[in-house]
Amino acid sequence: MTNHVTAVLLLAVLGLAASACGTEDIPPGNKGFLFDRTGAFAFYTGGKGLETTTMLGPGTHYTGIYDEIRDVDCKDQHAKEAISVLTASDLTVQVDLRITYSADCDSKESLIRVIDQVGSEGHTIQAEALYTRYVLPIVRESLRNRLAEVKIEEVKNVRQELRNGIQAD
């Protein structure tokens, strides 16, 4: 009888420890939010989804057993890109770009927008995903729209205008 009681108490302690000791780390240079989901100990009642009330900075955060953290890499990244653009003279120009970019992690609203628009394969939105899904399409569209109005003779003279226009977009 005492072995049976001991086994039940041991299982209860292990179950409690497993449900209450979940933590996840946010690496330096990242910020994120808690993602509340459901599980067996929550009786599959459904989680609340992204908890946007508190933005989490780098460090270790308590998550419980089912919840997880969705975070975004906020560090500056660099990329080189060659884009072919058709000018107003119907000639193609090869434009070599050097881009410095990062996710805007200063406010909750901008971080939520990045998480919603870019999405992620796992818990972290990497800078490469941000670049291919968000930054590069905007830069290409802006560059094509601006160079479509310029004649081939004027391309070298509008470099600063192009830079300002891309930054504005």
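Strand S2 (residues 30-36) and strand S5 (residues 68-73) pair in the antiparallel sense over six bridges. Two strands count as paired if DSSP finds at least two bridges between them. Strands (E, at least two residues) and helices (H or I, at least four) are DSSP runs, numbered from the N terminus. The model is predicted: local features need pLDDT of at least 70, side-chain atom pairs count only at pLDDT 80 or more, and totals for chains, interfaces and linings use all residues. Residues are numbered from 1 along each chain as its sequence is written, and side-chain values use heavy atoms, with hydrogens and water left out.

The open sheet has four strands in the order S3-S2-S5-S8, with mixed pairing. Strand S3 (49-56) and strand S8 (124-125) are at the edges with a single partner strand each, so one side of each has no neighbour in the sheet.

Helix H2 (residues 108-118) and helix H3 (residues 127-147) form a contact. Their axes come within 10 Å and cross at roughly 80 degrees. Axes are lines fitted to C-alpha atoms, for helices over the stretch in contact, and angles run from 0 to 180 degrees between N-to-C directions. H2 and H3 are therefore roughly perpendicular, a term for angles of 65 to 115 degrees. Val-114, Gln-117 and Val-118 in H2 meet Ala-129, Leu-130, Arg-133 and Tyr-134 in H3. Contact means heavy atoms within 4.5 Å. By class, this contact has five nonpolar, one polar and one charged residues. Ala, Val, Leu, Ile, Met, Phe, Trp, Tyr, Cys and Pro count as nonpolar, Asp, Glu, Lys and Arg as charged, and the others, Gly among them, as polar.

The largest pocket has a volume of about 1,000 Å³. A pocket is an open set of points on a 1 Å grid over the protein atoms alone, where a 1.4 Å probe fits, with protein on both sides within 12 Å along at least five of seven lines; lining residues have an atom within 4 Å of a point. Of the 31 lining residues, Ile-99, Val-139, Arg-163, Ile-166 and Gln-167 are the closest to the centre. Strand S7 (92-101), H2, H3 and helix H4 (159-168) each give two or more residues to the lining. S7 supplies the largest share, nine residues. By class, the lining has 17 nonpolar, six polar and eight charged residues.

How values were computed: Parallel < 35°, antiparallel > 145°, perpendicular 65-115°, else oblique. Points joined across faces, edges and corners; volume = space filled by probe spheres on them.
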